[in-house]
Amino acid sequence: MKRRLVSEAVPMATRSSTGSSEIVLRRAVLLIFTSILILTADSAAALETISPTDPNIRYTGRFNTSNASQPVFSWSGTSIAANFQGTSLQARFDGDSWGQDYLQVIIDDGDPVRLNLSTSASNYTLATGLADAVHTVEIVKESESWNGDIKFLDFKLDDGKSLVAPPARPPIKLEFYGDSGTAGTSGLSECNCGNGLNKTSYYNYSGITSRMLDAEYSNVSRGGLTISDNGNRITDIWDQKSFTLNSPTWDFNSYTPDAVVVSLGANDVYGQSKSEIMTAWKSFVTNQLRPVYPDAHIVFANFYGWHGNEPANYIHEAVEDLHDAGDTNVSFVKLPWLFSTGGHAVVSENAGYANILAPHLAEKLGLPAPTPNTLSSFGAPGEVGNGSLEASHTAGEVNGWRALAGGSPTYVEGAGDAHEGTDFVRVTGGGGYYHSTDASEGDEFTLSAWMRGDPGDDGNLKIEFRGQGQNLLSTINSLHAVTGSWQEFTT
C-alpha cells in the first residue's frame, strides 16, 4: 500500500527579548462570525403558554415522551421547531445537575445564538421586539448526550397568540452513529476540552452535512463509543430514546432515514484487532441496522492520518465483504485528520469533512451536488486553506490554523496594518502556527509567507512531512531575517 504523507506548513518565528514577528499568507477567504449569548428572563406581562403536546411543534431526533407534557432529549443535534405568532418567544427548560447543557436557538433562519441552561426549570427569552407577524424558531441541542437530559416544559407567546402549522420537514432524512468526533467534542475550541461549553453538534460535520443536503437528521453518538466488545459499545445504546441508563427503546418505525452514517472504530484500536473491528462493523450493519432500515444507504466514514493502525486502512475491505454477502447498498468515505495535536476537529475542520461527505451522500441518494460550505478551512491537496488568515469562526482562533506549543502565538484581528485584509498572526518566543494539507510520495511543495518583525528577529518557515500515525518523516527549515516592513519569503 502506498504510504500517505501529510505535510504541515508551519510558519514560526524566533525573536530577541523584546521583539516579535508577524506572518500572513496570501489567500482571500470569507470572514464569518457567530454570536454566543446567554439569555434568561421571566416576564410579568400576560403570556400565552403553549404545551409541548401542541401538534404544531416539530420534533426531530429521539425524544422520550413517556410524559408527553415534559419530553426529554439528550442526543446531540436533537431539535424542536415551530412557527409562532407575535413579537416575542420564551421557552422553559429543565437542564441537568451539571449545568453543561447548551442549545443553539435560530430565529427566522438568522444567526444561531447559544443558550446555556440552568440546572433547574427556568424560563428563557428566545426572541423579543420582533415584528407582529409569524416567525420561525429552531432549537438544537449542542451538548453531548452524557452531558445530561433536558426536559422541554413549554413555550410562552404574546397574549392571545398561538403556534401555526410547523415548518415543513426536509425531504431527506439522515442518521449518524459515532463517537466523540460525531458528538462534536471540543468543536468550538482547540483546547480539546471535554466540557459542554466547547461541544457543538450544530457545527459538527453531521449538522453541516445535513444542512448542505437540506436534510433532517438524528445523531446517536457519544465520546468513547466503540463498535466492538471493547468498552462502551454502540450496540448497548443504539436503540435507546436517550443516553440515560434504562431508557425506553426507540421506535424505529417513527423515523426512517434515507442514509445512515457510521463513524466508529477509532476507540477500538487500543484493544481490538483488525479482524474484531471488521467483524463488529459488519455485524452492526447486518444484525442491527438492516432489520430496521432495510432500504437505507449505509456509509462508513472513517478518519485517516492519525494512527498507524487506523481502521480507515481496511474499511473498504469490510464494505467489500458486505457486498459479497449480498448487501450492495453500503459504501465508505475517508476523512482526513489534518492536524497533529491529537485533538478533535474544530468548526472549520468539521466543515471540511462535510464538504467531502455531503457530495458522497448526494451521489448515493441521487441528489443534486450540494454547494460547498464556506466554513471549511481545507485547501485542495497540496494547498493552504485560509492562507490570508482572514476567516475566523471562533474568537481568537484562525480557521484551519493551530497554535504550536511554546511562545505566545496570537491571532490579531481587525488590524489596520496587516499586509492583506485586516488579520495576521503574531508569534513570539519560538512559538508559531501550523496548517496541514494532504501529500503523496513524489509531491513537491513551495511555501511562501509575508513576515515582518523587530530588528534582530528571525522568522522560520518550516515544512514537515509526517506519516500516517503522525510520525515525523522529514523536515525542511528556512530561517529568514525580518525587518519592520512586510516582506515575502519562500522556502
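For the lining classes used here, Ala, Val, Leu, Ile, Met, Phe, Trp, Tyr, Cys and Pro count as nonpolar, Asp, Glu, Lys and Arg count as charged, and the others, Gly among them, count as polar. The model is predicted, so local features need pLDDT of at least 70 and side-chain atom pairs count only at pLDDT 80 or more, while totals for chains, interfaces and linings use all residues. Residues are numbered from 1 along each chain as its sequence is written, and side-chain values use heavy atoms, with hydrogens and water left out.

**Pockets**

A pocket is an open set of points, on a 1 Å grid over the protein atoms alone, where a 1.4 Å probe fits, with protein on both sides within 12 Å along at least five of seven lines; lining residues have an atom within 4 Å of a point. Grid points are joined across faces, edges and corners, and a volume is the space filled by probe spheres set on the points. Helices (H or I, at least four residues) and strands (E, at least two) are DSSP runs, numbered from the N terminus.

The largest pocket has a volume of about 860 Å³. Its lining has 35 residues, and Ile 106, Asp 109, Glu 138, Tyr 202 and Arg 211 lie nearest the centre. Two or more lining residues come from each of strand E4 (58-60), strand E6 (79-86), strand E11 (133-141), helix H2 (205-212) and strand E15 (215-221). H2 gives the largest share, five residues. By class, this lining divides into 17 nonpolar, 11 polar and seven charged residues.

The second largest pocket holds about 410 Å³ of space. It is lined by 28 residues, with Ser 180, Ala 266, Trp 337, Gly 343 and His 344 nearest its centre. Helix H1 (180-183), strand E19 (297-304) and helix H5 (347-365) each supply at least two residues of that lining, and E19 has the largest share with three residues. The classes here are 11 nonpolar, 16 polar and one charged.

**Aromatic rings**

A pair of aromatic rings is described by the distance of the centres and the angle of the planes. Rings of Phe, Tyr and Trp (its six-membered ring) pair if their centres lie within 6.5 Å; planes under 30 degrees apart count as stacked, over 60 as edge-to-face and the rest as tilted. The count by this rule is 25 aromatic pairs. Two of the pairs are tabulated.

| Pair | Centre distance | Plane angle | Class |
|---|---|---|---|
| Phe 63 and Phe 73 | 5.1 Å | 45° | tilted |
| Tyr 177 and Phe 284 | 5.5 Å | 85° | edge-to-face |

Phe 63 lies in the loop between E4 and strand E5 (72-73) and Phe 73 in strand E5, 10 residues apart. Both Phe 63 and Phe 73 are buried, where buried means under 20% relative accessible area, exposed over 50% and partly exposed in between (1.4 Å probe, protein chains only). The other pair joins Tyr 177 in strand E14 (residues 172-178) to Phe 284 in helix H3 (residues 274-292), 107 residues apart. Tyr 177 is buried at a relative accessible area of 0%, and Phe 284 is buried at 1%.

One aromatic cluster is formed by Phe 176, Tyr 205, Tyr 217, Phe 303, Trp 306, Trp 337, Phe 339, Tyr 353 and Phe 378.

**Thr 182**

Thr 182 is found in helix H1 and is buried, at 0% relative accessibility. Apart from neighbours within four places in sequence, Thr 182 is in contact (heavy atoms within 4.5 Å) with Phe 176, Asn 204, Tyr 205, Ser 206, Asn 219, Ser 221 and Ser 263.
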